[in-house]
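Here is a short tour of a protein chain, for you to follow with the structure open beside the text. Take a look, and then let's walk through the parts one by one.

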Amino acid sequence: MKAGAGAPIALWPRKECPNLEECWQDVSNELLSQPLGKLASQVRAKRLEAFEDCEEDEDHWGKHIGLVWENYQLRPPLAGRLGMPT
């Protein structure tokens, strides 16, 4: 990855958390304490847990956590010659 190119991983709450300090502590303890290679599966597990184990009106940070993991080595396929549509 090129220096200064930005972070290939973004983890964020998609909804405001009523107690930000508590939410961040939960995220840190349950997601960020694991090896980075397990982050995506841990986020998925927490989202599934939140939807399966919580009541619909119950607020759980797992319902609102978002993850984008960019593969900076992935290159789009080479296109053929570009031209105007006929």
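## A pair within helix 2

K46 and E49 sit 3 residues apart in helix 2, so about one helical turn separates them. Helices here are DSSP runs of H or I with at least four residues, strands are E runs of at least two, and both are numbered from the N terminus. The two residues form a salt bridge, with their closest N and O atoms 3.1 Å apart. By salt bridge we mean a side-chain nitrogen of Lys or Arg within 4 Å of a carboxyl oxygen of Asp or Glu.

Before going further, please note that this is a predicted model, in which local features need pLDDT of at least 70 and side-chain atom pairs count only at pLDDT 80 or more, while totals for chains, interfaces and linings use all residues. Residues are numbered from 1 along each chain as its sequence is written, and side-chain values use heavy atoms, with hydrogens and water left out.

The structure holds 2 salt bridges. E30 and K46 meet through their side chains in one of them, at 2.4 Å from N to O. E30 belongs to helix 1 (residues 20-32) and K46 to helix 2 (residues 39-53), so this pair ties together parts that lie 16 residues apart in sequence.

How exposed are the partners? K46 is buried, with a relative accessible area of 12%, whereas E30 is partly exposed at 29% and E49 is partly exposed at 31%. Buried stands for under 20% relative accessible area, exposed for over 50%, and partly exposed for values in between (1.4 Å probe, protein chains only). Through shared partners, the salt bridges join E30, K46 and E49 into one network.

## The nonpolar core

The largest nonpolar core has 8 residues: C17, C23, V27, L31, L39, V43, W61 and I65. Such a core is a set of buried Ala, Val, Leu, Ile, Met, Phe, Trp, Tyr and Cys residues joined through side-chain atoms within 4.5 Å. Helix 1 and helix 2 each supply at least two residues of this core, and helix 1 gives the largest share, 3 residues.

Beyond its neighbours within four places in sequence, L31 is in contact (heavy atoms within 4.5 Å) with L11, D26, L39, Q42, V43, K46 and W61.

## The chain as a whole

From the N terminus on, the elements run β-α-α-β. Of the 86 residues in the protein chain, 20% are buried.
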